[in-house]
Amino acid sequence: MAIAAGLDRAGAARHNLSAVVAMNPSCQFDAMPVGLAVNTPIMYTTGAADVVVPPATVYAVWQATMHKPKVLMNMLHANHFEPMDYCVPTSWPAPVTTCHTIFPWVAYFLLCHADKNEAACETIYGTGPGTLCHGGAGAMYPGGCQAER
């Protein structure tokens with residue numbers, strides 16, 4: 001995962017990073033420090049049906065990330081392959097008939113932080129209807145959408 005590559009302020013500056021998206025990140029918990037040194041805006045994505053990297057793992061990494069802004073997006077019914085199954089019904093591990101749309105939300109997150117686009121930031125961090133955690137992204141696992149700015 002990119003955290004191992006050094007997402008502290010010096011690492012972010014060295015790599016010219018203004019935001020990071022960690023899709024289904026797998027971490028080795030015995031090697032994970034308490035309070036991850038991530039000083040770059042980061043979005044963690046997962047799916048409630050992911051059996052490769054369980055959502056609880058992603059949630060634990062999100063919780064260990066002390067720096068804000070940080071976003072957690074746990075889509076209901078999405079599996080580990082959701083980014084590749086964009087708007088395609090899947091049958092593994094269970095039949096899914098809804099269309100997962102993760103990419104627009106990743107784009108809004110990156111526009112917010114890399115382009116300093118305030119409308120995109122409102123779409124991610126806002127509380128109005130149609131924002132990320134308030135119905136805009138579709139069905140989320142209960143408590144699985146959190147955006148802290």
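This is a predicted model: local features need pLDDT of at least 70, side-chain atom pairs count only at pLDDT 80 or more; totals for chains, interfaces and linings use all residues.
Residues are numbered from 1 along each chain as its sequence is written, and side-chain values rest on heavy atoms, with hydrogens and water left out.

A disulfide is a covalent bond between the sulfur atoms of two cysteines. With a disulfide taken as a pair of cysteine sulfur atoms within 2.5 Å, a search of the whole structure returned two disulfides.

One of them links Cys112 and Cys121, whose sulfur atoms lie 1.9 Å apart. The torsion about the S-S bond of this pair is about 95°, and the disulfide is therefore right-handed. Relative accessible area, computed with a 1.4 Å probe on protein chains only, was used to class residues as buried (under 20%), exposed (over 50%) or partly exposed (in between). On this scale Cys112 counts as buried at 3%, and Cys121 is likewise buried, with a value of 4%.

A disulfide also joins Cys133 to Cys145, with an S to S distance of 2.1 Å. Here the torsion about the S-S bond is about -80°, so the disulfide of Cys133 and Cys145 is left-handed. Because Cys133 lies in helix H5 (residues 132-136) and Cys145 in strand S4 (residues 140-148), the pair ties together parts that are 12 residues apart in sequence; helices (H or I, at least four residues) and strands (E, at least two) are DSSP runs, numbered from the N terminus. Cys133 is partly exposed, at 24% relative accessibility, whereas Cys145 is buried, with a relative accessible area of 16%.
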